Amino acid sequence: MAEKMYYPNSELAREAHCGSMEQYKRMHESSIKDPTQFWGEIAKQFYWETPAIEDKFFSYNFDLSKGDIFIRWMEGASTNISFNLLDKNVKSGNGDKIAFYWEGNDPEDYSRLTYRKLLEETCRFANVLKSKGVSNGDKVVIYMPMILELPIAMLACTRIGAVHSVVFAGYSSDSLADRILDSKAKVLITADGVWRGEKLLLLKNICDEAADKVTKHGHRLESCIVVAHLRRLNNPQGKTKGVNGTSNGTAMEMANVSWDDDRDVWWHDEMEDAEASCYPVWMAAEDPLFILYTSGSTGKPKGVLHTTAGYLIYAATTFKYVFDYHPGDIYWCTADCGWITGHTYVVYGPLANGATSVIFEGTPFYPENDRYWSIIDKYKVTQFYTAPTAIRSLMKFGDHLVKKHSLSTLKVLGSVGEPINTEAWLWFYNLVGHGKCSIADTFWQTETGGHVITPLPGATPMKPGSATFPFFGVLPELLDEDGRVIEGEGEGYLVFRRPWPGMMRTLYGNHQRFQNTYFDRFNGFYCTGDGARRDADGYLWVTGRIDDMLNVSGHLMSTAEVESVLAEHSSVAEAAVVSKSHPVKGQCLYCFITPTAGTTFDEKLQGELKRKVRERIGPFAQPDAIQHAPALPKTRSGKIMRRMLRKIAAGDRNIGDTSTLADETVIQLLFELRPCV
Ligand code: WT7
């Protein structure tokens with residue numbers, strides 16, 4: 001049966017950068033036929049200190065039989081990203097335009113930053129970094145809340161050619177330490193702490209723990225630059241609740257962070273004397289811009305590396321077309337800068353378009369469950385970009401909380417992070433968007449740098465749950481198990497035939513792993529790790545991961561990563577982790593534990609294991625279920641049959657053929673031990 005189509009409203013289409021399917025098809029076709037001409041034209045909007053060599057504008061190899069995989073855009077060109085995002089906007093008369101409105105966790109805390117001020121602060125901080133010995137090519141780790149100093153720190157790195165690696169400030173000290181070690185960063189930027197809803201996170205303490213851990217591995221963190229964020233809040237005592245809801249002192253007292261005089265400095269002290277101008281370092285097109293770690297299916301995080309020129313033009317172009325951004329619009333992306341969404345669609349894409357955006361520090365549930373809707377009305381937001389898990393969690397509170405607010409300025413709604421279910425799509429469309437906004441269900445990955453499959457608001461007729469069609473320059477294919485291309489309707493592995501400018505270039509320090517992870521399975525194609533279906537109208541429907549990865553509330557993680565943490569516990573002989581569907585999070589973690597001989601599997605052990613995962617990876621990774629598994633279903637060669645474990649987790653008795661198992665009775669036993677979750 002054909003799904004209902006939702007057409008872009010005609011007013012939006014009339015004004016849109018791309019206002020019809022004919023125009024989309026024309027542009028997509030020319031982007032594929034002549035990438036050099038297509039992206040060359042776009043590149044003219046930016047400043048290049050030296051131009052690209054024309055016949056070297058685009059080159060790549062996706063064929064392992066011909067040698068190493070490489071992707072190069074705009075060879076010969078040099079530029080500076082912060083110059084294009086800031087100086088260029090100031091010079092063109094937009095200096096007084098607001099770049100960012102900042103909305104704090106507490107509604108009383110807010111501020112704003114113009115393009116001119118953002119440029120000044122960026123230069124000042126670039127000079128601070130220089131004074132700490134940071135230069136071209138050095139790595140800088142950023143572990144910060146969503147405050148204005150976060151984009152300033154990122155942009156300051158780009159000013160001097162340093163490579164930033166932002167670590168989401170919800171990660172544990174172990175995860176932070178791993179990332180500092182892998183990137184070999186000498187400088188860490190953080191804040192004393194932050195309130196998220198009613199919870200206080202003491203970030204500097206976590207950094208201290210991470211610093212101790214890296215020292216034990218023989219790595220020295222030379223500087224830690226700390227924003228005194230808690231201290232300057234309007235309401236520094238915050239809510240009287242402290243860590244875990246206990247009243248254990250004011251935020252001021254708690255922010256009395258420990259200090260290493262040789263290493264730690266306050267951001268404001270350093271900024272005081274720093275000069276407000278800093279000549280940009282001209283970077284080659286393929287010089288690294290940033291590293292962002294993402295989960296890998298083997299457990300060790302992968303340092304996805306993005307470079308300069310291609311990323312800039314791709315972030316700028318996707319932002320412009322996918323959100324249909326026009327001057328005067330107010331754009332808000334709820335993602336944290338610790339994720340790729342925050343890189344491309346909080347910082348780089350919006351600023352490259354001279355846009356005005358909202359940055360929000362808090363949570364959708366504080367002080368009330370309508371905080372998102374209040375912010376949309378407060379700033380008259382026109383484009384709102386969020387995640388299906390957030391939508392589902394807000395749906396729970398009922399429609400009246402949305403209806404209390406006007407939301408009349410909205411034009412485009414975006415979704416990212418996982419497939420959006422029809423119910424959430426329709427709620428977003430009808431209730432939040434009043435049936436007049438286009439929904440951009442944007443499929444992409446940390447690795448893709450920007451949107452790769454997405455509707456364009458003024459052009460694409462929407463089907464709820466379909467990411468629809470490829471963006472300019474993107475050539476998706478569906479492959480069967482044997483790597484044959486599926487034409488027309490069908491379902492298979494989602495792969496891409498050639499690179500677009502914003503695609504990652506390598507995994508930092510491990511090009512071999514880059515090739516193995518993404519190109520080995522189907523030579524000649526970039527393999528996303530997702531499955532997808534193409535319907536009779538050519539619409540693409542991403543169905544989710546087909547590797548051992550799972551997506552909890554839009555956070556991608558690997559089952560292996562969680563298994564290795566669980567297996568470290570002295571009472572655990574073996575652990576197997578699978579995903580189970582969850583009404584709000586999308587997926588959750590379901591863990592099977594084989595205790596060591598003589599150990600009792602009790603609530604205490606379950607609690608310890610949950611805590612261990614929280615501590616080692618981060619709170620978002622906490623398992624929902626821990627099941628006793630005296631044995632695991634294995635083949636005779638010892639391979640764990642996760643397919644069967646997924647069925648057991650789901651309570652689905654339709655397990656299929658078990659004859660390959662070394663011991664078939666295990667299945668029945670595991671069903672009996674299944675906890676009520
Ligand atoms: C994985 C990438 C892209 C920024 C946030 C996540 C899933 C993402 C969609 C979507 C279906 C989606 C995929 C993908 N995913 N967006 N619109 N429809 N699935 O970045 O952590 O690198 O995760 O998220 O499974 O592979 P990431």
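This is a predicted model: local features need pLDDT of at least 70, side-chain atom pairs count only at pLDDT 80 or more; totals for chains, interfaces and linings use all residues.

Biologist: At what angle do α6 and α13 pack?

Modeller: The angle between α6 (residues 149–159) and α13 (residues 340–352) is about 60 degrees, and their axes are 11 Å apart. That makes α6 oblique to α13. Angles under 35 degrees count as roughly parallel, over 145 as roughly antiparallel, 65 to 115 as roughly perpendicular and the rest as oblique. Axes are lines fitted to C-alpha atoms, for helices over the stretch in contact, and angles run from 0 to 180 degrees between N-to-C directions. Helices (H or I, at least four residues) and strands (E, at least two) are DSSP runs, numbered from the N terminus.

Biologist: Which residues of α6 and α13 meet?

Modeller: Pro-151, Met-154, Leu-155 and Thr-158 of α6 meet His-343, Val-347, Tyr-348 and Leu-351 of α13, where contact means heavy atoms within 4.5 Å. By class, the contact of α6 with α13 has six nonpolar, two polar and no charged residues. Ala, Val, Leu, Ile, Met, Phe, Trp, Tyr, Cys and Pro count as nonpolar, Asp, Glu, Lys and Arg as charged, and the others, Gly among them, as polar.

Biologist: How many residues does the largest nonpolar core have?

Modeller: That core has 122 residues, and Trp-39 and Tyr-348 are among those with the most contacts inside it. Helix α12 (residues 309–322) gives the most to this core, with ten residues. A second, separate core has 43 residues, including Tyr-143 and Ile-626. A nonpolar core is a set of buried Ala, Val, Leu, Ile, Met, Phe, Trp, Tyr and Cys residues joined through side-chain atoms within 4.5 Å. Buried means under 20% relative accessible area, exposed over 50% and partly exposed in between (1.4 Å probe, protein chains only).

Biologist: Moving on, how do α15 and α17 pack?

Modeller: Helix α15 (residues 388–395) and helix α17 (residues 422–432) pack at about 75 degrees, with axes 10 Å apart. The two helices, α15 and α17, are therefore roughly perpendicular to each other. On the α15 side the contact is made by Ile-391, Arg-392, Leu-394 and Met-395, and on the α17 side by Glu-423, Ala-424, Trp-427 and Phe-428.

Biologist: What do the buried residues of α17 pack against?

Modeller: Their partners include α14, α15 and β20 (438–442). Among the buried residues of α17 are Trp-425 and Leu-431. His-434 follows α17 and has a positive phi, near 50 degrees.

Biologist: Where is His-306, and is it buried or exposed?

Modeller: His-306 is found in strand β15 (residues 302–307). His-306 is buried, with a relative accessible area of 0%. Leaving aside its neighbours within four places in sequence, His-306 is in contact with residues including Pro-288, Tyr-311 and Met-504.

Biologist: Where is Asn-105?

Modeller: Asn-105 lies in the loop between β4 (98–103) and β5 (110–114). Asn-105 is buried, with a relative accessible area of 2%. Not counting residues up to four places away in sequence, Asn-105 touches several residues, among them Trp-195, Glu-361 and Arg-371.

Conventions. Residues are numbered from 1 along each chain as its sequence is written. Side-chain values use heavy atoms; hydrogens and water are left out.
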